[in-house]
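Please open the structure in your viewer, with the sequence panel beside it, and follow the stops below in order.

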Amino acid sequence: MLKLDYKKRSEDASSLMKEAIYSNHDYYTDAIEGIQELLPSNETHILNSANSCILTVVEALPEPILIPDEGGWNGFERSAKILKKQVDTIDTDDGIINIEYLHNYLKNNNVGSIYITTLAGYTALQPINEIFELCALYDVILVLDISGTVGSNELSSQEHCDIQVCSTGSPKIVNIENGGFINNITQKLKFNNHLLKTFKADNITCAGISNEITKAPLILDKTIKLNTYLKKELSKKLEDDTTHNVIHSNSIGINTIFTTESKSKTKKLAYNIRQKLDITDNKSIITTGPNYNRLKKPCVAIEVKNLDINQLNQEKIDELIEIIIESINEQ
């Protein structure tokens, strides 16, 4: 049984959030300054949840809104449905947008805006710079969900998008268990003030974000490095396996996804892996597909992002790989 620690809010963040209950200190401003130091923007809004951020952004976006056919976030489409916004999907290569295909699509179809996550299914980096060039060419607003890459100016494509949306819920890189923020970088859109006021984060949430935002670069870097190791070593183990293949094995990400034979065998395999893991609070790091948020094919995702990165090392990753291989061989 492999013992792993599930990611939770840090003790110092929790302590500061408790202090904020009775404090008159303006933690909202502190959090804004921390976010803007990491991700410079003249307009930043902190709201009570990532879905509040998405709803606020969707309300302002020009239609039609284009999203990937998989590897995104289904909460975006739900928000668009509530607001009766037209959403179209574009075919992808296991969640990754093909630039040539996108170019042809934008040339032949009316598109007002595009919403994508910087990491497709949390497992592979989108070609953001090239996508933004096409958006500029066709006057399309580009919204990036940077929840999986916050902590890196480069990976969050600070200079190659119009709007950034980030969750600070759980389990995330900035892990407060609630909240989120919007960076209106180019300020091409104006958000609804009523929504911004309605969804504005309280002082407690902002205290947590102000404490944790500075840790994001180190947490992201550690998560990527350990997940890259997992991808590399698991790919080696599955080299001769024609059924189980690591998706986007050479791309950086914060989880690892590998294909399986069928939906039924996926569920059984995921169950067997879970039975060999002892994760705090009975949490799980195993998710399965078909799943829009990951891949719409039979697959198993190992959510490295869900783990306490300070308690994780290559030795534990090696044990995890052995459990995965053992569970595959038992089928």
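Begin by selecting P64, which sits in the loop between α3 and β3 (65-68); helices (H or I, at least four residues) and strands (E, at least two) are DSSP runs, numbered from the N terminus. The peptide bond that leads from E63 into P64 is cis, with omega near -10 degrees. This is a predicted model, in which local features need pLDDT of at least 70 and side-chain atom pairs count only at pLDDT 80 or more, while totals for chains, interfaces and linings use all residues. Residues are numbered from 1 along each chain as its sequence is written, and side-chain values use heavy atoms, with hydrogens and water left out.

Most residues other than glycine have a negative phi, and most peptide bonds are trans.

Now select Q126, in the loop between β7 (124-125) and α6 (128-137). Is Q126 buried or exposed? It is buried, with a relative accessible area of 4%. Its side chain reaches the backbone oxygen of G95 at 2.7 Å, a polar contact (a pair of N or O atoms within 3.5 Å; within protein, one must be able to donate a hydrogen and the other to accept it, and residues adjacent in sequence count only if both atoms are side-chain atoms). Leaving aside neighbours within four places in sequence, the residues in contact with Q126 (heavy atoms within 4.5 Å) include G95, I96, I97, I116 and I131.

The largest pocket has a volume of about 400 Å³, and of the 24 residues that line it, the closest to its centre are W73, Y122, S147, S167 and K172. On a 1 Å grid over the protein atoms alone, a pocket is an open set of points where a 1.4 Å probe fits, with protein on both sides within 12 Å along at least five of seven lines, and lining residues have an atom within 4 Å of a point. Grid points are joined across faces, edges and corners, and a volume is the space filled by probe spheres set on the points. Helix α3 (residues 50-60) gives the most to this lining, with three residues.

Finally, select helix α11 (residues 314-329), whose 16 residues reach 22 Å from first C-alpha to last, close to the 22 Å expected at 1.5 Å a residue, the expected span being 1.5 Å times one less than the number of residues. At its start, a side-chain oxygen of N313 comes to within 3.2 Å of the backbone nitrogen of E315. The buried residues of α11 include I317, L320, I321, I324 and I328, and among the elements that cover the buried residues are β1 (2-4), α9 (216-237) and α10 (263-275).

Definitions and conventions. Buried means under 20% relative accessible area, exposed over 50%, partly exposed in between (1.4 Å probe, protein chains only).
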